[in-house]
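Have a go at each one before reading its solution.

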Amino acid sequence: MSDLRLLPWSDPEGRPCYLSSDHGNSLLNRRADQIEALQLSMGTELLGHAHALLNDRKATAGELRFLAQRLCEALRDALRVAESRGRRLPAYSDEDEDSGKGL
């Protein structure tokens, strides 16, 4: 890997963290992959809880506000994972499509 990888966590001030590595299977890359998978899994689980709470007519404003905060965190994590993975995709060009390498 020659480019910087956006990691799935921030520094204590909330700024993004990056990894520079020539080896895509390094210990830190594998750890970042594990954390990304965990974040996406937790987001999926949270979505299930959200459906249940939103269908509960007795849910309080505080419960809904708490849910909204957790959903925002999960969305932030998912967007960071998407950005990180998108940066690592090979560049696409019209030549790829013409040569049959495109999707």
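Predicted model: local features only at pLDDT ≥ 70, side-chain atom pairs only at ≥ 80, totals over all residues.

Residues are numbered from 1 along each chain as its sequence is written, and side-chain values use heavy atoms, with hydrogens and water left out.

**Exercise 1.** Work out the pattern that the chain follows along the sequence.

Solution. Start by counting elements: the chain has three helices and two strands. Helices (H or I, at least four residues) and strands (E, at least two) are DSSP runs, numbered from the N terminus. Now read along the sequence, and you get β-β-α-α-α.

**Exercise 2.** Describe how β1 and β2 are joined.

Solution. Begin with the direction: β1 and β2 run antiparallel, with four bridges between them. (Strands pair if DSSP finds at least two bridges between them.) Next, pick a bridge: Leu6 has Tyr18 in β2 as its partner. Finally, check the hairpin, with five residues between the strands, where Gly14 has a positive phi near 90°.

**Exercise 3.** Is Leu7 buried or exposed?

Solution. First, locate Leu7: it sits in strand β1. Then apply the cut-offs: buried means under 20% relative accessible area, exposed over 50%, partly exposed in between (1.4 Å probe, protein chains only). Leu7 has 3% relative accessibility, so it counts as buried. Now list its contacts (heavy atoms within 4.5 Å): leaving out residues up to four places away in sequence, Leu7 touches Cys17, Tyr18, Leu19, Ala32 and Arg80.

**Exercise 4.** Take helix α1 and find what covers its buried residues, then see what α1 gives to the lining of the largest pocket.

Solution. Get the helix first: α1 covers residues 27-54 and reaches 40 Å from first C-alpha to last, close to the 40 Å expected at 1.5 Å a residue. (The expected span is 1.5 Å times one less than the number of residues.) Its buried residues include Ala32, Gln39, Gly43 and Leu46, and the cover over the buried residues of α1 includes β1, β2 and α2. Then turn to the largest pocket, which is lined by Gln39, Met42, Gly43, Glu45, Leu46, Arg70, Glu73, Ala74 and Asp77. Both α1 and α2 give two or more residues to that lining, with the largest share, five residues, coming from α1.

Methods
1 Å grid on protein atoms, 1.4 Å probe; cavity = no way out; pocket = protein on both sides within 12 Å on 5 of 7 lines; lining within 4 Å.
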